[in-house]
Amino acid sequence: MANSFENYQRRKLISSYFSVVLSIALVLFLLGILGLLVLNTKKMADRSKEQITISVFLKENTKEIEVEQLQKTLAMSDYTKSSTYVTKEEAAKLHSEEIGEDFVDYLGYNPLKNSIDIKLNADFVTAEKVEEIATTLSEKGFVDEVSYDKVLVSMVAKSVEQIGFWILVASAIFTFIAVLLINSSIRLSIYSKRFIIKTMQMVGATKTFIRRPFIWQNIKLGMIGAAIALIAIGGVVYYVNTNFQDLGLLEDPYILVILFVSVFLLGILISFFSTYIATQRFLNLRTDELYY
């Protein structure tokens, strides 16, 4: 009979620990994925901005030395990420491939112009800065026209700001929910031991002495849960990086190190404070209040 009761208590204890570890792992996993998104938001936004192109169309009588000087000027400019010289023949070939027919043969001449396509650094992709750059370039005597998609520039800049704001809001809300969920799970685990806590207190044990094993036990559970969450996050990162290499998740290992360390420490800190608060609550209750 005694052995059956002991086995029952052991299974109950294991089940309680398992539920705590699972709760911590799931919450930290979701929190880690959101953190990964937050840390990579700027990088993904910068990639979108750097796809925007300014096309500088040159006049027919532009000299080769003028083209070279402009390219050197662009190369030394802070706003330039890359610049590519496109001859009118290359432009005609690309355009013909897009529309599916050779328009040069149809027209009898090539109406396109030589141009330089400029991709800007992300920090300079705002409506005001792009307009300023375009105005400066158009002032050169051999430049016929400077063209870019004004609507796209404004839309990208605005969208990036809005997305960044809402991701931060969602992160704050989800972090709060995560703390509540882990706290509830640990609190339920300690609730089942409230009579043991009160018994130890009645025989003279100090609050610090009573709290210590509970805190240490739940910190260990938090570390296990965090480790499981990190393994799952690592699997997601590997899968995404393998199938969507353009996102460049592994380009900056420092970001991943920050994320993994933060998730692990968060598991420990939440476990510590949740256990401390829960044990303190039961330590402060009167004996008759333990039954409610």
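## Helices and sheet of a predicted model

Helix α6 covers residues 150-191, 42 residues in total; at 1.5 Å a residue it should span 62 Å, and its end C-alpha atoms are 61 Å apart, which agrees. The expected span is 1.5 Å times one less than the number of residues. Helices (H or I, at least four residues) and strands (E, at least two) are DSSP runs, numbered from the N terminus.

This is a predicted model: local features need pLDDT of at least 70, side-chain atom pairs count only at pLDDT 80 or more, and totals for chains, interfaces and linings use all residues. Residues are numbered from 1 along each chain as its sequence is written, and side-chain values use heavy atoms, leaving out hydrogens and water.

Asp149 caps the N-terminal end of α6. One of its side-chain oxygens lies 3.2 Å from the backbone nitrogen of Val151. A polar contact is a pair of N or O atoms within 3.5 Å; within protein, one must be able to donate a hydrogen and the other to accept it, and residues adjacent in sequence count only if both atoms are side-chain atoms.

**The sheet.** Four strands form an open sheet in the order β2-β3-β1-β4, with antiparallel pairing. Its edge strands are β2 (80-86) and β4, each pairing on one side only. The twist averages 20° from one strand to the next. Two strands pair if DSSP finds at least two bridges between them.

| Strand pair | Sense | Bridges |
|---|---|---|
| β2 and β3 | antiparallel | six bridges |
| β1 (53-58) and β3 (115-120) | antiparallel | five bridges |
| β1 and β4 (143-147) | antiparallel | four bridges |

Which residue in β3 is the bridge partner of Val56? It is Ile116. Thr84 has Asp117 as its bridge partner in β3. Phe57 stands opposite Glu145 in β4.

**Helix crossing.** The axes of α8 (residues 207-243) and α9 (residues 253-284) come within 8 Å and cross at roughly 150°. That makes α8 roughly antiparallel to α9; the term applies to angles over 145 degrees. Axes are lines fitted to C-alpha atoms, for helices over the stretch in contact, and angles run from 0 to 180 degrees between N-to-C directions. α8 passes α9 in a right-handed crossing, meaning that the near helix is turned clockwise from the far one by less than a right angle.

**Record annotation.** An unreviewed UniProt entry places "transmembrane region" at residues 17-39, 163-186, 221-241 and 253-278. Such annotations may be inferred rather than shown by experiment. Residues 163-186 are 100% helix and 0% strand, with end C-alpha atoms 34 Å apart. Residues 253-278 are also 100% helix and 0% strand, with end C-alpha atoms 37 Å apart.

Notes: Angles under 35 degrees count as roughly parallel, over 145 as roughly antiparallel, 65 to 115 as roughly perpendicular and the rest as oblique.
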